[in-house]
Structure formats: structure tokens, C-alpha cells
Amino acid sequence: MPVSKSVGARIKRREDPRLIQGLAHYVDDIKLPNLLHVAILRSPYAHARINGINTDAAQNLSGVKSVVTGDDVKDVIGGIPCAATDPEGFPGIKVPHHPVLATGKVRFVGEPIAAVAATDAYIAQDALDLIEVDYEPLDAINSADAAFADGAPVIHEDWDDNMAFTWSIAGGDVDAAFAEADQVVSQRIDHQRLVPNPMETRGVVAQYLPGKDQLNLWSSTQIPHLLRTQISVMLSMAENHVRVIAPEVGGGFGCKLNVYAEEALLGHMAKYLGQPVKWIEGRRENFLHTIHGRDQTGDVELAVKNDGTILGLKYTVSADVGAYYQLLTPAIPTLTGLMLCGSYTFKNVEMNLKAAFTNKMATDAYRGAGRPEATYLIERMIDVVAHDLDLDPLEVRRKNFIGKDAFPYETGTAVAYDSGDYTAALDKALKIADYEALREQQAELREEGRYLGIGFSTYVEICGMGPSAAMPAGGWESSTVRVDPTGKVTVLTGVSPHGQGQETTFAQLIADGLGVDIDDIRIIHGDTDTVQYGIGTFGSRATAVGGTAMVHAMGKVKDKVVDIAAHLLESNPQDIVIEDNKYCVRGAPESGLTLGEIAMVAHVGVELPEGTEPGLAESHFFEPPNFTYPFGTHIAVVEVDADTGEVEIQRYIAVDDCGNIINPLIVEGQVHGGIAQGVGQALYEEAIYDESGQMITGSFMDYALPKAHNFPRFELANTVTPSPVNPMGVKGVGEAGTIGSTPAIANAVIDALKPFGVRHIDLPLRPEKLWKLMQET
Amino acid sequence: MTPFDYHAPKTLRSAMRLVQEFGDDAKVLAGGHSLIPSMKLRLAAPSVVIDLGGVAGLKRVTAGNETITIGALATHYAVESHRLLPSKCSLLPETAAEIGDAQVRNRGTVGGSIAHADPAADWPATMLALDAQIDIAGPDGERAVAASDFFVDLFITDLQPGEVLTGIRIATPPENSGGAYVKMRQSASGFALAGVAAHVTLDDAGNCASVAVGVTGVAPAAYRADAVEDALVGQGIDAVADAAAHATDGVEEFQEDHHASGDYRAHLARVFAQRALSQAIERAA
């Protein structure tokens, strides 16, 4: 795709002026007459029976309109849904009922127990202190190992153990690979639990219009349409009487790709109380009761030849999925399984997963969702192989890379990589890094007792989610493109953004495609009464799938515009070209017509070619034939302070290949944020529950996010290998930074500590941990 | 929300009258960076809040040839950005710059931080190293107490009921003096996992005529590392490493949490004592 006027240009995000001027409307900005404010009473216990709830004092507090408990709603609000419970995919899966408000028992700290609606948020909060709950505390489980231990307390008493589900994948002949191996390289790999932490917490406003029997639900969500469907089921309302609006959404990172208790609860309360209700999640609530990410621990074995050739991989892993499933909980580790082979040719692979119920919040999709686990695992293991065989980690990578002529390439896990050139990305990154000089510098510094480390990640990931057959709830996407009589273009897209910049990139595509000024284009999203059904923004799919739907809809519009232009210019459609935003006969630009002039004809309806319908609007629903597989090389250069164990990131080089690029600025922004988030996992972040099931990292005083001063200036570049999966040749870049950076940093830090005999360290790589390792030798 | 009465006195005299009148029911508000979060989390629920923000004269920072004064209501940023302090006593702006972020430094106050006595706050280390005098107004008039007597225990100071911290006085360091503050940030909060402030004055031979070292983040209260000081007085930079090894001598109880063990904090105190002293001596020379 050549760079034309708009596509490929570094255009500043059109949505930013309103965001940085405070002119955007988030859920908390929604003000309605007679609005009541809701506060949620949450369990202070990880595991306890509820022997009684007394709400009298709370009910009697002045300003309190209503107090709702689990008993009040258990027959009128259905369970919180999970879309990935097919027993064929997950043999033996247990699917516990997941109530919006607990009855009888609480199973994690933060689980909702009661809701108060009051005339202001302070009164609602005060009323929570007046609700008396008679708890009978039970022993808590804070890890998968504890959940599987003999005699462990059972969290869901419909069953007699805490095994939530199992899942397996296998390809090739693993036994033969291990029989043929010169060595088996083993390592236990842990992926700690993480909190997504979008800048805007969740929030819901619900309003019921009795005259229309209509529920309006504003929610900070990534999936307004899927949420509408689920809410209509949970509340037994006709779906076409439910309107979900995702207004401005201040980040999600996957945690808003879900259906939460509060969304259904507030919908119910608005109807039941006859007044609109608002709930805005506090940050501490967000830590406790918005989904978490990762939390897998497993044993990896690689069958290798002495020259570094990898023959096969076995991964036996436990996932701690928390007390209940959220929308996609069981599906997340399956993405790990699909990507276990990474950028490498071995096809003998096996993963056996056991998932445990624990007394913790559910895990679900967090930026990367399953792929960071696969990438960290294989990229870390490559370095372990290099360590054990005394090889250069780069040579192990090169030896096992899938060659650029092998695409499309079917992996041992039966996914088909669309396109790639892994060596090109690696070579480009090495050139930027000046790799040889770095190794020399490392050797010199070691002489001085200073510990520089160089770490690689040559990742491939799975994006553009995805073919419907491989998705729990549809993988297609939709768009409508319509042109007003005056030539202004409106796009309705199903991919409701929460920071990805679709209002800019999609307008760039339209501007070039239809020959119209970018300022004359409006991208509308997030309102289910306005926009045709769509799936949503997640899994780096917005451009690859949603953008493609729009390009197809635009193509239909353009065909019609060209037909009308040809008719008006007394020419043939095949002779019509766009020059300077005018539709003209090739070679005769002076008689060209603007889109507005043609659109007016389309709407007046009298000068149309015979058989042409009036109006100018088209829709398209796009079903992708495959996922896309972005890839790249990240190189981290770190120094570990020998006296304190502190890690300083000195350089960070990222060469990402996300296919064709529509807006380099937005791609860079996605990569910047992604790297930071992945570095967060490598160095700082960890959600810790103690043995009683209390979360001891439940605020920003104790849960460390990466900060700007932790980073050097990123050195970014791209290679461009277009995807054959969509007409734009794009792949997606929303998660690449996160997926690529965690292993690059881990490998760099461990490389720095090589003189101390260090082979592997679990994340996060905190200074004390590193200092202790340096003391041991 | 627990209702409370809010008072905004304009003078120290009327502030003191309110403090006497309401006693333990009242909390004094300065920059609001400790009290407001406590109230928001319902850990504190005073029935009276006395806001010193409008009291005239408490925000000033002065740097004279004899004395440096920091009003109790001076913000961290006021110290960080003071025109004369980099030359008169660079340890003060250097410490201020290590606190929180720009927003915190613009609202939070030096006096509030010292009176709150968080065991991981930055100012206590520096006040100890500069031998600061803490000015206090109370029912029986005014008094001053040395920083080394002020920080008593976890969140406990020498401030008595009915007393208000009004300011900090520091003797302007003589020529041939230098200071440094070295800390490791707790990666979430930015408070000191361990922080060491060192201040030295050199004699004509380049040896330490006086040494003062304050340590924060390590023990329940910030403390003076006397053993380090004793080991270094009369000595030069070559003695720093040995002296710094005494940075936790006499500490009986170490702070410990999921961010860092007591052992590690103690180790950091020794490492940072060496770094801070070395820098201080280099700057003094």
C-alpha cells in the first residue's frame, strides 16, 4: 500500500484536542435528572459463609433510596456470563453460577454483596457501613497449588474439588522428539498475576424509560453490542429495548472486554427504582473487582540437539483463574497454547493445562491475553537453551527461525502464520543496536565490576481476532459508510475504540479512498442504537477486521459514486479517476465533480443512471479468513547496579512488523505504551494475595506501575511485511509492545547477571531479588 | 462522609486558639497530602479540620547568611525552586526534588511531612543531617526542638497535644560544606525504601571537621547515624567506606514489607551512606 495523501502520513490524532481540553464525555460526565448514586458493599473476606444480612439501619439512613441484596435479585438477574465453556474444548469444565450479588457464600475479597442507591455518593458510601453481615470465615486458597492440595477447602460446593477445567493441545510427535534429543532443557516458568489498571476505572449509568420500556445503559466498555446482548439476557428484556452506549472510554487493556455484575445490577435498579442510577468504580474497587491478567505457572521442557536445534516442547501448567469465570476466562490460556512454537520451526509440541478455582478475582484478557505467556515462555527458554549449551542466544534463534519463504506456515499447533521475515527484523534491530559494540562494552564493563545485559525477544503474536470459527462470540466486524447530500461522510463502525485512534486512522482511509477532506469525515461508534451490530475493539483487531469492513463498505459507496459520475460526465465507470478530490474522466480534470456534487445528485434522485437506487450509504460485514501474525525483534540493554540490584534500562530498540502502516504516529504510540506495560510485568508489577486471601497490593501505594522516568528514549523502527489476510495488508499493533518487551527485559537482566551463574529468575525482577542472587556467588 | 467543621484561621494566634479549643477532636491541615488521603480512606475522621493554608507568613522560605528558615506551610516546590538555596545549602532543593511528583511537590508541605513523620518520608533524613531546629507553638508559648529529638517512633514526634509545628530553622552551612541525599524509591509509592542524607564540613586539610548523617525508610523513625559520624570526623574521603558500614549500628527494629526485607533496607542504608558521604565530600571540596 503506497503512502498517499493521508494513508501512511503522520497525522495527529483527531480525538486528542477534546481529550486534552477536558471536553470529552466519559461515563462519570453523564448527568441525568433525579440521578441516584450507587455504592457496592464488597466482601472483606476471601472465603466465608454469609449467615445473614441486616440492611435496616442502612435503609433508614436519610437520603438512602434502596438497599439491594443477593436475595432481592437472585430470581430477577441472571448469572454473569462466560462465553468459553464448551465441554468439547474444555473437558470436564465446571461452570459455577456467578451471581451479581453473593448469596450464602463469598468467594473473594471484593465480591459484591449489596448495593445502596442514595441521593448522593457520600450517603451511599456511608450507608455501606450500616449494613450488618454475619460472616463465618472459611479457609482461603491463594494459589493453584493450594487449590489442588489434598484436603483443600472446596470453593464451589456443587463439586468436590477445585479443578475448574483442563485444556490440552498437541502437534507432531513429541515422544519421538524427546527420544531424539541430545538434551532436555527444563525450567519452571511463572507468569505473575497483574492488574490491568486503565486510567479510567469502570463506571455505569442506567436509565429506564417506562413509556418505551427502554433501558439506556452507559458503560465504560470495549464491547457495547456484546454487552447489550448479554444484558438483555441477564435482565430478561427484549434486546431491541436495550441501548448500550460506550461514551469516551479511558483505556481498557482488555479488562473492559467483559460483562460485569454492576452493569446488570444498575440496569435492574434503574428499572426497579424508576430513577436513573450511577456507579463509578473507585481505584481500590478496580484492584479487587475488575479482571486480572496472567497467573500461570508451569514446567517447560525443550528437546534440543547440541547445536541448538529445538526438536520439541512440553508445557505442563496450572492456571489460577480465581473464584468465578468472567466472559473469556477459560479461553485465555488457549491462546498461550496456540503460540507456543513462537518464531521457530519445531512442530512437536504439547501443552497440558489444569485450571484452579481460588479465592481471588477472575483472570481474563489483559493486553496480550495468553500470548505474552507464550512469548515470554519460549523467548526465555531460548536463552536458557543458549545458557545450557553455551551458545549465543542469537545463534539459537537464527538456527530455529521459520524462513521467509516458508509462509504461509502451518505451526505444530495448527495455526497458519500469514506472512513474515523474522531475520529481516532481527538484522535491522541488530544494526540499530550496534550489537558487536555492545558485547565489547559489556566485556569491558564486567572487568570494572559493572553488569551490562543485552536481551532479545524475537516474537511473533496472533492478532486481528479473528475468524468467527476460532472465537467464542463472533470474530467478524461491521461498518456502514454513508455520504450526506452535501458530501460529508459518516462512518459507523462496530469497533468501539478506547484509545486506539480509529477516528483518525479510519478517516485517513476514507479521505484517500473517497477523495474527501479528512475534516469532512466523522467516525461514529459505541452507541448500539446508532451503529449496526459489531463485536468490539480487542485482540489488535480494530484495523485489521473493523477497518477492512469499512474499506469494503467504502468500496461499495465508491462504485456507486463512480457510476453516477460516469453517467453525469457521459463516460464509462472504468475511465473515472479521482484527482485533487474530484471525480473526473481520465485526462480531463477540469470537468471533474466533487463527492458532494455527486452525493447531491444521488439524494435528489433525478439524474441517476437507469436502475440505480437513490441515496448513498452502504454496509459491510467482514469475516476474516485468518488471524494476522505480527512479529519483530526487541533488544533491551540494561545495567544492574552491583551494590543495590537496581535495573536501569539504558537502551530499548524495537523493530516491529505490523504489516502496512496507516499512521506511523499512532503505531509508535501503541508501541510506546505496550513496551511500558510489558516492562511493568518484567520489573515492577505483581498482584499479591496473602494466605488469608487479602490483596496486599490493592492501591497505587503498593502496586507499582512503570513510570516515565523508568525509561530511556525508545529506538523504534519497522519492517513491512504485508498481511495477505486483508486488502490493506495490515496486521495490528495494539499488543505487540507488551508481548515483545517482557522477555527482552528479562533476558537482558539475566544476561547481566551471567557472571554470577544466574540461569533464570522469576518476574518481577525486583532489586532485592537481584541483589540477593549477586550475594550468593 | 463523616461531617466535620472546617476552620480557616488567618493568623497563627487564632489557629492556636482553635487548636486549644477543639483538642483531640481537631486535625490540622497543611498541604493535605497525608490527612486528606487518610480521611478519604476513612482511616481518620476528625470532627474539626483547622486549615493553616490561609495563615499569613507560614509559607516563606528565606536563605540568609546565618540562618535558613522554612515556614511550616512552604511547599516542597518552594524549597526545590528557591533562588538562593542551591548555593547556600543544595541538600535542601536536592531532597525536595526527590519527593513524589510535580503535583505532590506543588501541594505538599515541608512542615506537614515532618509533622506526619512517615517512616519512609524524605525530609526527616535531611533535617537530621542539617541539624535542623523545629519551631513549635503551643499553649505555653513557643519552643524549639532539634530534629534528632523530634522523630520519636512510627508516625510519632515530639509534638504534644495542642502544639503546632510552625517552621524549620537551619544554620546556614559554612564554606567548605557539602551535602547529598541518596535514596531508592519504593517502586509504587516513590517513598524511600531507604534514603540517606549526608552533610559534611571540611577543614583546611580536606578532612571532615563535622559530619552528620540522617537515615530514613529503614527504622520505625528516621535517625542520626552517630556511629558513621564518629568514625569519619577528622578523616577524609578514604575513610568513607569503612565509616558507612556503621550506618545501621544500634538500629533494633527494621522496616519490613513485601517491597523489601529489613536486611535489604539495612544494606541499602550502608550503600547509600557511602554514596551520600562521598558526594557530600566532593561537593564540599
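Here are some notes on this predicted model, point by point.

1. Some ground rules. Residues are numbered from 1 along each chain as its sequence is written, and chains are lettered from A, with ligands numbered from 1, in the order in which they are written. Because the model is predicted, local features need pLDDT of at least 70 and side-chain atom pairs count only at pLDDT 80 or more, while totals for chains, interfaces and linings use all residues; side-chain values use heavy atoms, leaving out hydrogens and water.

2. Start with chain A as a whole. Chain A has 20 helices and 28 strands (DSSP runs numbered from the N terminus: H or I of at least four residues for helices, E of at least two for strands). Its radius of gyration is 27 Å, close to the 28 Å that the globule rule gives for 777 residues, so chain A is as compact as a globular protein of that length. The radius is taken over C-alpha atoms, and the rule is 2.2 Å times the number of residues to the power 0.38. Along the principal axes, the C-alpha atoms of chain A fill a box of roughly 85 × 75 × 45 Å.

3. What about burial? In chain A, 63% of the 777 residues count as buried (under 20% relative accessible area; exposed is over 50% and partly exposed is in between, with a 1.4 Å probe and protein chains only). Of the contacts in chain A with a separation of 6 or more, 80% are between residues 24 or more positions apart; contact here means heavy atoms within 4.5 Å.

4. Now the inside. The largest nonpolar core has 165 residues, and Val100(A), Leu313(A), Tyr417(A), Leu683(A) and Ile745(A) touch the most other members. Such a core is a set of buried Ala, Val, Leu, Ile, Met, Phe, Trp, Tyr and Cys residues joined through side-chain atoms within 4.5 Å. Helix α11 (residues 371–389) of chain A gives the most to this core, with 10 residues. Leaving aside neighbours within four places in sequence, Val100(A) is in contact with residues including Val73(A), Ile77(A), Met234(A) and Leu265(A). A second, separate core has 50 residues, among them Ala15(B), Leu18(B), Val55(B) and Leu130(B).

5. On to the rings. There are 21 aromatic pairs over all chains (rings of Phe, Tyr and Trp, using its six-membered ring, with centres within 6.5 Å; planes under 30 degrees apart are stacked, over 60 edge-to-face, the rest tilted). One is Phe90(A) with Phe165(A), edge-to-face at 5.2 Å centre to centre and 75° between the planes. Phe90(A) sits in the loop between α3 and β4 and Phe165(A) in strand β7, so this pair ties together parts 75 residues apart in sequence. Phe90(A) is buried at 7% relative accessibility, and Phe165(A) at 0%.

6. Another edge-to-face pair joins Phe108(A) and Tyr324(A), 6.2 Å centre to centre. Each lies in a loop of chain A, and the pair ties together parts 216 residues apart in sequence. Both are buried: Phe108(A) has a relative accessible area of 2% and Tyr324(A) 1%. Elsewhere, ring pairs link Tyr344(A), Phe401(A), Phe407(A), Tyr422(A) and Phe631(A) into a cluster.

7. Two lysines are worth a look. The charged end of Lys347(A) sits over the ring of Tyr409(A), 4.8 Å from its centre, and Lys354(A) lies over the face of Phe148(A), at 4.6 Å from the ring centre. The test is NZ of Lys or CZ of Arg within 6 Å of the ring centre and within 35 degrees of the ring normal.
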